[in-house]
Amino acid sequence: MPTEQIKRSYRKTKYIIYKETLIDFREQFWSFVGSFIGIGCIAYFHASHFPGSDGIYLIGSFGASSVLIYGIIQSPFSQPRNLIGGHVISALIGVTIQTLLPEPIWLSAPLAVSLAIISMQITKTLHPPGGATALIAIIGTEKIKTLGYWYVLSPVLAGSLILLTVALIVNNITEKRSYPSNNRFHRNYHIYRKRLLKKS
């Protein structure tokens with residue numbers, strides 16, 4: 001009966017979706033620790049150097065990156081090449097569009113995001129938060145706009161490197177989590193850690 005087949009397919013799909021989104025407590029714990037430390041380091045750096053000013057170091061795309069590199073660590077979009085390359089390329093494009101075509105915003109904003117997506121695809125550095133990084137260069141505060149190409153180095157590159165450093169440490173603390181998806185770093189990390197423990 002077609003109705004039975006539809007019901008069976010629905011149950012199967014529901015189970016697959018549930019299984020794919022099922023994350024155990026340990027995974028949730030390390031996702032929390034990684035994102036808390038990563039964003040916390042950027043926020044501390046900002047607060048200690050720019051107290052009372054706009055959150056130029058805490059750009060929104062870093063929050064989205066944290067979801068990927070701490071919560072979905074095996075995703076192709078979460079890998080170091082994508083994290084650093086996606087943000088830097090998108091920032092370059094966003095600042096360039098802001099410099100050459102700041103107005104009208106209905107043209108500059110979509111142009112920056114679209115060119116950022118294409119550039120990430122060409123360079124194989126697709127990182128979804130990169131689209132926000134490009135957009136922030138267009139719609140951000142005056143302080144961000146006056147940074148010009150310094151926006152690419154700081155906050156974008158500097159913040160991305162902080163997030164990556166934390167991800168490499170936190171995501172490899174346990175044997176069950178491995179980041180990046182290439183296991184070489186994870187193996188070397190634990191070999192080096194065991195050597196340090198033997199010496200101490």
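Which helices are included in what covers the buried residues of H6? In this predicted model, in which residues are numbered from 1 along each chain as its sequence is written, local features need pLDDT of at least 70, side-chain atom pairs count only at pLDDT 80 or more, and totals for chains, interfaces and linings use all residues. Side-chain values use heavy atoms, with hydrogens and water left out.

The cover over the buried residues of H6 includes helices H3 (60-71), H4 (80-100), H5 (105-122), H7 (142-147) and H8 (150-170). Helices here are DSSP runs (H or I, at least four residues), numbered from the N terminus. Helix H6 itself spans residues 129-139 and is mostly covered, eight of its 11 residues being buried; buried denotes under 20% relative accessible area, computed with a 1.4 Å probe on protein chains only. The buried residues of H6 are Pro129, Gly130, Gly131, Thr133, Ala134, Ile136, Ala137 and Ile138.

Ser65 lies in helix H3. Ser65 has a relative accessible area of 0% and is therefore buried. When residues up to four places away in sequence are not counted, Ser65 touches Leu83, His87, His127, Pro129 and Leu163, a contact being heavy atoms within 4.5 Å.

Ser119 belongs to helix H5. With residues up to four places away in sequence not counted, Ser119 touches Ile89 and Ile93. Between Ser119 and Ile93 there are 8.7 Å in space, C-alpha to C-alpha, and the two are 26 residues apart in sequence. The side chain of Ser119 also reaches the backbone oxygen of Leu115, at 2.8 Å.

Key
Buried < 20%, exposed > 50% of the residue type's maximum accessible area, 1.4 Å probe, protein only. Helix = DSSP H or I, 4+ residues; strand = E, 2+ residues; numbered from the N terminus. Polar contact = N/O pair within 3.5 Å; in protein donor to acceptor, adjacent residues only side chain to side chain.
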